[in-house]
Amino acid sequence: MDKKKIWQDIADQQDQLMKLCSEMIQIPSENPPGNVEEITAYLERFLTQHHIEYQVIRATPECPNIIARYGNPNGKKLIFNGHCDVVPAGDLEKWEFPPYCGEIRNGKILGRGTSDMKCGLGASLFAMAYFADHQIPLAGEIVMTIVPDEETGGFHGTQWLFDHNYMKGDWAVVAEPTGHDNIEVGQRGSMRTLIEIEGTPAHGSLAPYVGDSAVERMMEFLPKLKELRKLHGTLDEEMQQVMEVSKQKLKAVHPIEGIENSMDHVSVNFGIVNGGIKSNMVADYAKAELDIRIPLGMTGDTVKAEIDRIIKESGIEKIKVSYMGADRGNYVSIHDPICRSVSQNAKELMGIDLIMAYQWASSDARYFREHGISTIQYGPSDTKGIHSYNETATVSDVINASKMYAGLICDLLG
């Protein structure tokens, strides 16, 4: 298997790759509302044209997942994962070009979903199709999973496929936007926390002497949770090395004093707080929804224990705390074969040393790692416009991403 020939062939066929990406971008698949039928049909036609076996599995009638396969099913499996939904375009007057034009201009491809993540999806599909078109024998199997609802949580996409035993593999690449010189090798846990407090209603004119305001007690309690931000993880030598790189990367993107602490400390966001019925009534109920991120090197149990301590010391009564989501971070070793392969390919292809860093947010990569699959996140990206206006991706990055994916296939399955 001649990797450099494959790379040259992909370069020679780059117009076809960009046509694939452009045509996907021209199909609106905004989520919400989540209508992905048109782009699913387009992807089915592409797979059929390249004689790639696939199945469409619907978690619900409106949530089609595509699983495509090529290679030896008895060998190791390399999964490529992407989502076909995009966030809404928003106010069309704020775009410098039509959001679904898919036009290529000055070395950029334009439109909603270019970086997040139809170009990453297109680049991985194109790499898979190359092996199928040339009937290149593999010792293992390429598995492509295309999900419909990542932008609204992935509950009927990647998570659902794992919950129903459709997803098995040895390595995975989530083609979310990272940039050509960076791979994501770990993420913090995302522990959503709901706090509910009950009070005693009364006429508002008699507060605070009559009744017990749940809103007032919530206002007194929430500031105490800022203490959670002092908690941090304990890392081994390898993880500490990656963490330092991750902190510097975050500071470069957001040059704000102290922001690097959010990488290795607990972060607390007071997202939604509400309660009461009317202003002239003492509130008998209040709730707060928090986004608590758990750094690598610790688990949510530590945070939960600290919240219990704060509740006990504050003496607050009639309070209920419940937790949802991932209560710990996830990562892959930088010495794993998939990391070694992508690093070496970047050196050979682009002459660069890839940055291996942890991500301050989260993605579908967490589901793969939680199921023991060594997973990286790597995809073409222009930071400007992701989930905002004037989204683009750089054409050369899309082409190189497809070559990188092909290189991984050669190294891990060849």
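1. Salt bridges. This is a predicted model, and its salt bridges come to 20 when a side-chain nitrogen of Lys or Arg must lie within 4 Å of a carboxyl oxygen of Asp or Glu. Side chains of opposite charge can pair when their charged atoms come close.

2. Glu23 and Lys19. These two side chains form a salt bridge with an N to O distance of 2.7 Å. Both residues belong to helix H2, which covers residues 14-25. They sit 4 residues apart, about one turn of the helix. Glu23 has a relative accessibility of 25% and is therefore classed as partly exposed, the limit for buried being under 20%. Lys19 is also partly exposed, at 49%, as the exposed class requires over 50%.

3. Asp264 and Lys247. Here too a salt bridge links the side chains, at 2.7 Å from N to O. Asp264 is in helix H8 (residues 261-264) and Lys247 in helix H7 (residues 237-253), so this pair ties together parts that are 17 residues apart in sequence. Are the two partners buried or exposed? Asp264 counts as buried because its relative accessibility is 13%, under the 20% limit. Lys247, at 12%, counts as buried as well.

4. Lys347 and Asp353. The closest N and O atoms of this salt bridge are 2.9 Å apart. Lys347 is partly exposed, with a relative accessible area of 41%. Asp353 has a relative accessible area of 58% and is exposed, which follows because the class begins over 50%.

5. A network. Which residues are joined by salt bridges that share partners? Glu227, Glu306, Arg309 and Glu313 form one such network.

6. Ser190. This residue is part of strand S9, residues 189-198. Its relative accessible area is 17%, so Ser190 is buried. The side chain of Ser190 makes a polar contact with the side chain of Arg293 at 3.5 Å.

7. Surroundings of Ser190. What does Ser190 touch, leaving aside residues up to four places away in sequence? Its contacts are Asp291, Ile292 and Arg293, then Met324, Gly325 and Ala326, and also Ser362.

Note on methods
Residues are numbered from 1 along each chain as its sequence is written. This is a predicted model: local features need pLDDT of at least 70, side-chain atom pairs count only at pLDDT 80 or more; totals for chains, interfaces and linings use all residues. Side-chain values use heavy atoms; hydrogens and water are left out. Helices (H or I, at least four residues) and strands (E, at least two) are DSSP runs, numbered from the N terminus. Buried means under 20% relative accessible area, exposed over 50%, partly exposed in between (1.4 Å probe, protein chains only). A polar contact is a pair of N or O atoms within 3.5 Å; within protein, one must be able to donate a hydrogen and the other to accept it, and residues adjacent in sequence count only if both atoms are side-chain atoms. Contact means heavy atoms within 4.5 Å.
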